[in-house]
Amino acid sequence: MPQNTMNRMSTLDAEFFFAEHDNVPLHMGSVATFDGPAPAYSDVLRLFESKLPRVPRYRQVVRTVPGQILRPVWADDEHFTIRHQVHHATVPAPGGDEQLRAVAAKLFARRLDLSRPLWEEWFLEGLEGGRWAILSKVHHCMADGIGGNDLMTLVFDTDPQARPPVPVKWTPAPGPSLPDRAADQLRDALTWPARQLTAASGQLRRAKPQDLLDFGRGLGESTRRLIEPSAGFLNGPIGPRRRWAWTTTSLDGLKQIRKVHGGTINDVVLAVISGAFRDLLAERDKLADGLVVRTLVPVSTRGPDEAGVVTNLVSAVLVNLPAGEPDPLRRLTVIRQQMDSLKHQHQEVSAEILTTMLGLSAPMWLALGTQAAYRTRQSLIQTVTTNVPGPRIPLYVLGRRMTALHPYVPIGNAVRISIAILSYLDTVSFGVTADHDSVPDVDVLVQGIQRALAELSEPPLVRGS
């Protein structure tokens, strides 16, 4: 008989869990398209069921108690069935990208059932040319973007001839009883503050003295960035519906821009998004010189030995996208200078230490504080921009090759637009999530990404002539 299991949520995972509410489902996702012919739904069910032993968290649920007096824990789902997790739908004719995006936007807008394992897969048939797709949803309390990407490589295959493992019988371990959880929480309460302080002090000790000096100097610069005039009118309340669109470019094209103009691929991507927001502001007659769109940029803290770890290992920095700057090369320079400065000043460390210190809070106060922060109608940021390197090798499902991969990232209570960038093979996809009612012009932003790419791809002599 399996033993009781009690896997307590980390502080950051619990923040994402507590933050969700009716209009803010906090799952990440993607849509992967495949060569035909489409498999049978029963075969897709068996495939995922056979791969579940590789990701035990996929058969676990979150256990809480009223008032959040105890920290949430993961426990085996005693009523698990694969049909609750893997669903089937048909994309309306003619099954093009427009129809696929519309179906995906509706599915992404739905909250996951918090009483079940916090992931879903949708097998989508009916794409033109005999193609089909898999839409994936994973709650942010389970994994960050890179962690979710690692999970994909565990479930999908790298060999077109691979055969699914033979499903094995699974017996859930009984969940911890309330008295057991209370006793565990009491024991933890005696040692948790010391462990959190040790972790925070350990983070500080790992930093070199010069790093801490650079960090302190950087706080002043970060404060100055916060008072730059930003496009706060982009913020506001959101509804339950979503718009979702994507556009793609070649990884080689981004590398060529980097080679000609300097910086990193991420610098180029942020400059491109700056140009796209410039188009959106101009379309709304809100463009002004010096105006910035402030974005939260997640920074992975995942080490090379933490691939496939099912949790959030991420920090973040704030970056001002220079949408008010008319010159595309100047936008790239401004972005590069900011990112170089942030790296030099180790500003991502502050968010990591803050999360560690939040772990000192009682679960109830952590829940209330997180809900208050995420449900505010005001925000210092106007968007979230996350860039995750994806698989550089072909992936397969039931012998069919994955042909494209498009990312989805959630929006927040006052943040109406988020952008995810994900690569697969030699293609980079920009996935734009927007509130349905307040961002009817999401196509302006998507088209602006392509226009900004074209601007940076022009030869310098041609641009200057």
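How many residues does helix 8 have, and how far does helix 8 reach from its first C-alpha to its last? Helix 8 runs to 19 residues and spans 27 Å between those end atoms, close to the 27 Å expected at 1.5 Å a residue (the expected span being 1.5 Å times one less than the number of residues).

Before going on, some ground rules. This is a predicted model, where local features need pLDDT of at least 70 and side-chain atom pairs count only at pLDDT 80 or more, while totals for chains, interfaces and linings use all residues. Residues are numbered from 1 along each chain as its sequence is written, and side-chain values use heavy atoms, with hydrogens and water left out.

Zooming out, the protein has 13 helices and 15 strands (DSSP runs numbered from the N terminus: helices are H or I with at least four residues, strands are E with at least two). Buried residues make up 52% of its 465 residues, where buried means under 20% relative accessible area with a 1.4 Å probe, protein chains only.

Back to helix 8: 16 of its 19 residues are buried, so it is largely enclosed by the rest of the structure. After helix 8 comes Asp-285, with a positive phi near 60 degrees.

Now look at helix 7 (residues 251-261), whose axis comes within 9 Å of that of helix 8 (residues 265-283), crossing at roughly 100 degrees. Those axes are lines fitted to C-alpha atoms over the stretch in contact, with angles running from 0 to 180 degrees between N-to-C directions. That makes helix 7 roughly perpendicular to helix 8, a label for angles of 65 to 115 degrees. On the helix 7 side, Leu-254, Lys-255, Ile-257 and Arg-258 meet Ile-265, Val-268 and Val-269 of helix 8 (contact means heavy atoms within 4.5 Å).

Helix 3 (residues 97-109) has 13 residues and reaches 18 Å, close to the expected 18 Å. Its buried residues include Leu-100, Val-103, Ala-104, Leu-107 and Phe-108. Strand 2 (27-34), strand 6 (119-125) and strand 8 (242-250) are among the elements that cover the buried residues of helix 3.

Thr-295 counts as buried because its relative accessibility is 0%. Its side chain makes a polar contact of 2.8 Å with that of Thr-385; such a contact is a pair of N or O atoms within 3.5 Å, where, within protein, one must be able to donate a hydrogen and the other to accept it, and residues adjacent in sequence count only if both atoms are side-chain atoms. Leaving aside neighbours within four places in sequence, the contacts of Thr-295 include Val-317, Val-319, Ile-381 and Thr-383.

Note on methods. Angles under 35 degrees count as roughly parallel, over 145 as roughly antiparallel, 65 to 115 as roughly perpendicular and the rest as oblique. Buried means under 20% relative accessible area, exposed over 50%, partly exposed in between (1.4 Å probe, protein chains only).
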